[in-house]
Amino acid sequence: MRYLAASTGVHGVELGVVTALFVLVAALGFLAARWRRTGSPRHLHEWGLGGRSFGGFITWFLIGGDLYTAYTFVAVPAALFAGGALGFFAVGYTILVWPLVFIFLPRLWSVSRKHGYVTPADFVKGRHGSRSLSLAIAVTGIVATMPYIALQLVGIQSVLYVMGVGSNSSSLAQDLPLFVAFIILAAFTYTSGLRAPAMIAFVKDLLIYVTILVAVIYIPTRLGGWTHIFGAASTRLATKNPVTHLPAGSTLLAHGNTLPFATLAIGSAMALFMYPHAQIGVLATKQRSTVRRNVSALTVYSLMLGFVALLGYMAIAAGFTTKSLGGNAQHAVPALFDAMFPSWFAGIALAAIVIGALVPAAIMSIAAANLFTRNIYVDFVNPAATDSQQTAVSKWVSLLVKFGALAFVLGLDATSAINFQLLGGVLILQTFPAIVGGLYTRYFHRWALLLGWAAGIVYGTVVAWQQSSAAQHHFASQVALIPWTHQKAYIAVTALVVNLVVLVVSNLVLRAVKAPAGVDATSPADYDHDSDLEQTASVATETETV
Amino acid sequence: MAGGTTPPGMITPLRLFAALCILAPTVAVIAVPTYNTATPTLGGFLFFYWYQLLLVVVTGILMVAAYWAMKIDERRRKQFRAAAEPAAPAGRDGGEAGA
């Protein structure tokens, strides 16, 4: 059976449902400004961290919002659609994330709460006493986050394309709906801060869970069951490309793909909570125990992600080809929903993707704005900035970041947005030693951390740039040969190894020549304390001793 | 209750248990060759796929177990500290920081 990709005319019912749900969500976003207000609205903790007041329930939705982006919904199934089993690393990755979170995020929470850190770079500055290292962390965070926001737009764009509005390429008039959606997103983020995505996350998750449950039960029955779906995927992926004479992939990992699969899973898991937007959900919680308690419940997102990934195979079984999708595999899931569901439910499913893109886009722009304000503006431009000045700068930067991402998507094509996001993953992983290492030890010298970071960034960028394929000259692949071997691995992980080698060697040298270490503003007890009560108590005693 | 007279060390059975709960899914995911096979299938799913989905559920359960183990362990440590220094319970943090 074959279904046509939707590109003929506007789909009225779907567009109506999506618009109605979008309006509802936008209203919630603006209303959120007054939700659970705890302190002075002028303080950056209020706008940028929701007053650090979120309990377990909201945190679950908020962190889920970081994990479940339009990218997950669009790009992961597209990877299975186009390349088979290797794309399923996303499931392994979201399994590995939780043990990691369990181990180190409670420590980051405690020390950030104690010292009022808003960003990961704040922590690095306090811990290592180095403004240049903290600047490096902040810039990496902003650079890696921008294309991630752009990708959320790619997700929205692909929904609009399938509904018959918007364009596959770039033309300002045709992208008007995207533009309108983005202005509204920017406006409610500006007024409500982190509270907006936290509140919208409820609606988003409800829509996503309903959509996935229905999709996973209903679509296979229409396509002749799971056996048929896997069979169709297997046959299609094994078909040789007439140009390269190579199969596109397979439903099991081919020889030589084991290490790429494992390193993609490990590297992505380690990278996720280095992204400032992922940490923001953790720093906004009320209690230390909230983080760990939530981890088990958060695995529900990983399970759903696994089923979302398999939508890529369903699209194959439904007869879609990259050609029938307008040459863009990213349209696979929206087109599948459009073809399989009655139009009213397709509207709900497509709205789930759109709203699923808004929540992370808002969190990401807030996180990038906080980084700019705290670690560039305050540290290098205006050290005497008051709380309300900081909030004002953050709000404006959140707008700037979003329009930068919009320009990105409209100016370049969708493929380059994805390439840059992949590069972002390579870059952000290089901050791991300074952040996670710093949570446990001060053995590493601040300059050694900086040198290691620089080495990893340069190596990763150069290698990623060099990857070419028949279709693209640069950034064609996330995996590359490990130097001096015939084995491929995820570039981010190889770059991290380079980073660590440079770090260890230069650390030995710097310690040998007794280079001045920075001042540590934290104390060992800061990493374990677990409540506001204890914090107030300790602050009180500190003042007494002084 | 528990605690007794010996202070809880760095490694306790509870912490060890939590560490195992965390390590197990990590090792299972990294051991790719152990699950890169088509059979046995389950409900039409190839082994490679249903095994990983099942692993997600198992990880969720192990994380609950690790959470409770750490919680009980921390409670025991607190009880011991409270018993060790009955006076000025609030001064603990500041005292350590100043030392």
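# Reading cores, helix pairs and backbone exceptions

Q: How many residues does the largest nonpolar core have, and which of them have the most contacts inside it?
A: In soluble globular proteins, nonpolar side chains tend to be buried together. Here the largest nonpolar core has 206 residues, and those with the most contacts inside it are A:Met314, A:Ala315, A:Leu336 and A:Val354. Such a core is a set of buried Ala, Val, Leu, Ile, Met, Phe, Trp, Tyr and Cys residues joined through C-beta atoms within 7 Å. Helix 15 of chain A (residues 343–381) supplies the largest share of this core, with 21 residues. The model is predicted, so that local features need pLDDT of at least 70 and side-chain atom pairs count only at pLDDT 80 or more, while totals for chains, interfaces and linings use all residues. Residues are numbered from 1 along each chain as its sequence is written, and chains are lettered from A and ligands numbered from 1 in the order in which they are written.

Q: Which residues does A:Val354 touch, not counting residues up to four places away in sequence?
A: With those sequence neighbours set aside, A:Val354 touches A:Val18, A:Phe22, A:Ile156 and A:Val159, where contact requires that C-beta atoms, placed from the backbone, lie within 7 Å.

Q: Is A:Phe81 buried or exposed?
A: A residue is buried if 20 or more other C-beta atoms lie within 10 Å of its own, exposed if 12 or fewer, and partly exposed in between. A:Phe81, which lies in helix 4 of chain A (residues 70–83), is buried because 31 other C-beta atoms are within 10 Å. Beyond the residues up to four places away in sequence, A:Phe81 touches A:Gly312, A:Ala315, A:Ile316, A:Ala329 and A:Ala332; A:Ala315 is also one of the residues with the most contacts inside the largest nonpolar core.

Q: What secondary structure does each chain have?
A: Helices (H or I, at least four residues) and strands (E, at least two) are DSSP runs, numbered from the N terminus. Chain A comes to 21 helices and two strands, whereas chain B comes to three helices and zero strands. Of the 546 residues of chain A, 57% count as buried; of the 99 residues of chain B, 23% do.

Q: At what angle do helix 5 and helix 13 of chain A pack?
A: Two packed helices are described by the angle between their axes and the distance between the axes. Axes are lines fitted to C-alpha atoms, for helices over the stretch in contact, and angles run from 0 to 180 degrees between N-to-C directions. Helix 5 of chain A and helix 13 of chain A (residues 288–317) pack at about 165 degrees, with their axes 9 Å apart, which makes the two helices roughly antiparallel. Angles under 35 degrees count as roughly parallel, over 145 as roughly antiparallel, 65 to 115 as roughly perpendicular and the rest as oblique. Among the residues that meet are A:Trp98, A:Phe102 and A:Trp109 in helix 5 and A:Leu298, A:Leu305 and A:Ala309 in helix 13. By class, this contact has 14 nonpolar, five polar and two charged residues, with Ala, Val, Leu, Ile, Met, Phe, Trp, Tyr, Cys and Pro counted as nonpolar, Asp, Glu, Lys and Arg as charged, and the others, Gly among them, as polar.

Q: How many residues of chain B are in contact with chain A?
A: 34 residues of chain B are in contact with 39 residues of chain A. Helix 2 of chain B gives the largest share of the chain B side, 14 residues, and that side divides into 22 nonpolar, 10 polar and two charged residues.

Q: Where do A:Trp484 and B:Pro40 lie?
A: Most residues other than glycine have a negative phi, and most peptide bonds are trans. A:Trp484 has a positive phi of about 65 degrees although it is not a glycine; A:Trp484 is placed in the loop between strand 1 (479–481) and strand 2 (488–490) of chain A, and is exposed, with 6 other C-beta atoms within 10 Å. A cis peptide bond with omega of about -5 degrees joins B:Thr39 and B:Pro40, and B:Pro40 is in the loop between helix 1 and helix 2 of chain B.

Technical notes. Two residues are in contact if their C-beta atoms, placed from the backbone, lie within 7 Å.
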